[in-house]
Amino acid sequence: MNLNSNVFFKSALAKHGAFISTSEVISWLSDQNEKVHVKVKMTSFDKLDSWCYKNGSIKHVSGKFFSIDGIKIKTNWGLVNEWQQPIINQPEIGYLGFITKEFNGILHFLVQAKIEPGNVNYVQLSPTLQATKSNYSQVHKGKKPLYLDYFQNAKPEQIILDQLQSEQGARFLKKRNRNIIIKVDSEITVFDNFIWLTLGQLKNLMQYDNCVNMDTRTVISGISYGPNFENDFEKIIKPNDYFEDDIKLGFLNSAISLKNSFNSFDNIIAFLTNIKAEHDLDVSKVPLKKMKSWFFNSDEIYHEQRKFFSVIAVDVEIGNREVLCWSQPMIKPAQEGLCAFVCKEINGQVHFAVQAKLECGNHDIIEFAPTVQCLTGNYRQTQEGALPFLEYVLNAKQNQIIFDTMQSEEGGRFYREQNRNMIIMAGQEISNLLPDKYIWITLSQILFFLKFNNYLNIQARSLIAAVSFV
């Protein structure tokens with residue numbers, strides 16, 4: 001059995017940590033919010049400090065951080081084959097990283113209470129290190145992020161997870177971050193806004209609205225517990241001592257076993273390859289002020305029908321950041337969205353109905369997405385039957401709903417964007433034969449694909465992170 005799977009598995013089963021109870025974390029977060037001065041106010045684009053409109057884009061004067069570009073999209077995917085929109089262009093690869101350490105034989109994650117200007121509630125639980133390359137290379141002339149040296153100097157044997165994963169494909173242009181977890185044995189200074197939590201605690205805290213930020217969710221989604229772990233299972237823990245219901249045990253079996261999968265790995269790869277081969281995605285640049293169907297005024301870029309999202313300008317003051325005051329553009333959603341996985345037991349294994357989805361900022365055209373993903377459009381106004389599984393999810397009975405919370409998008413770029421995240425357990429009323437571009441995949445197969453780049457989008461990863469075994 002893989003050592004990393006062992007330590008992650010035991011941490012995922014640990015509902016209680018060595019330092020703080022899960023309920024106390026909520027109070028601790030509230031206290032952290034009280035301690036720090038936060039002020040975010042709207043401004044106009046021409047008043048943004050160190051930003052300018054140049055060559056058709058909104059850019060930082062350093063040429064670093066990110067820009068807001070206009071793009072023109074042509075594709076043979078779906079009903080709309082050509083459109084224009086603003087997008088965040090941030091080609092840098094940043095760090096999203098956790099330091100972990102064992103206490104009492106259980107792996108704990110060093111978690112930060114981090115304030116982002118776009119968070120609906122300001123403070124959320126973030127990784128130990130959450131930094132763009134411009135931030136950690138100090139383009140802003142501020143302080144270095146805490147714990148950066150641990151990641152830059154990590155030895156190969158300390159790295160227990162290391163992946164490049166995409167960000168929101170409809171808003172970022174080919175953006176990726178390094179999702180990394182390192183394990184240390186040495187003593188570490190724990191600063192005031194950091195705490196040690198088990199993986200089980202982090203997953204439990206995802207049951208609260210807007211508590212665990214998107215960057216934490218994407219990192220822990222990549223953690224694998226197998227596969228082919230069954231023979232070692234009872235050597236670590238007795239199942240009956242830990243599992244409160246059959247559904248959570250079903251999720252665990254789906255996470256650690258490759259047996260009885262409805263589709264083989266070869267079938268899944270062929271499914272995705274065929275869709276990629278059939279569909280084109282051509283993205284070219286267009287000046288923001290010349291985009292069709294969009295208006296650009298002094299303080300906002302918005303769609304003529306007030307749909308999708310807008311670009312706004314904000315001034316920010318946060319008391320405990322590397323830089324205390326700054327200005328920036330942000331993406332503001334038109335409405336909250338919905339992301340949901342429909343699951344079903346097939347051949348004795350829990351499977352997820354995954355859709356292949358094209359988004360204009362994708363690195364490789366198509367990524368796997370949740371069964372239902374409504375972000376830029378208003379799902380409440382979607383015509384009945386137009387989107388597979390939407391009505392099924394919205395009309396799910398209470399005993400089918402495994403997970404249902406509001407989760408924030410990345411608060412450094414998105415202004416108060418939160419989306420309803422759901423996991424629904426279906427029965428025989430959902431056929432094994434899925435609509436075009438949908439496929440059944442077990443949790444262990446999903447976790448296998450997460451070891452590689454650009455297979456699962458951020459919305460799918462966010463939901464996978466929420467799957468709990470206790």
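Let's start with one residue. Asn 210 counts as buried, at 6% relative accessibility. Buried means under 20% relative accessible area, exposed over 50%, and partly exposed in between, using a 1.4 Å probe and protein chains only. Asn 210 sits in the loop between helix H5 (199–205) and H6. Its phi is positive, about 50°, although Asn 210 is not a glycine. Most residues other than glycine have a negative phi.

A word on the source. This is a predicted model, where local features need pLDDT of at least 70, side-chain atom pairs count only at pLDDT 80 or more, and totals for chains, interfaces and linings use all residues. Residues are numbered from 1 along each chain as its sequence is written, and side-chain values use heavy atoms, with hydrogens and water left out.

Tyr 122 also has a positive phi, about 65°, and is not a glycine. Look for Tyr 122 in the loop between strand E7 (106–115) and strand E8 (123–126). Tyr 122 is partly exposed, with a relative accessible area of 22%.

Now the helices. The chain has 12 helices and 24 strands; these are DSSP runs, numbered from the N terminus, with helices (H or I) of at least four residues and strands (E) of at least two. Take H6 (residues 214–221) and H12 (residues 458–465). Their axes are 8 Å apart, and the packing angle is about 75°. Axes are lines fitted to C-alpha atoms, for helices over the stretch in contact, and angles run from 0 to 180 degrees between N-to-C directions. H6 and H12 are therefore roughly perpendicular to each other, a label for 65 to 115 degrees; under 35 is roughly parallel, over 145 roughly antiparallel, and the rest oblique.

Who meets whom? From H6 come Met 214, Arg 217, Thr 218, Ile 220 and Ser 221; from H12 come Ile 458, Arg 461, Ser 462, Ile 464 and Ala 465. Contact here means heavy atoms within 4.5 Å.

Stay with Arg 461, in helix H12. Arg 461 counts as buried, at 1% relative accessibility. Beyond its neighbours within four places in sequence, Arg 461 contacts several residues, including Gln 165, Ser 166 and Leu 450. Asp 49 is 412 residues away along the chain, and the two C-alpha atoms are 35 Å apart.

Finally, the whole chain. Of its 470 residues, 58% count as buried. The C-alpha trace spans about 65 × 55 × 40 Å along its principal axes. Among contacts with a separation of 6 or more, 74% join residues 24 or more positions apart.
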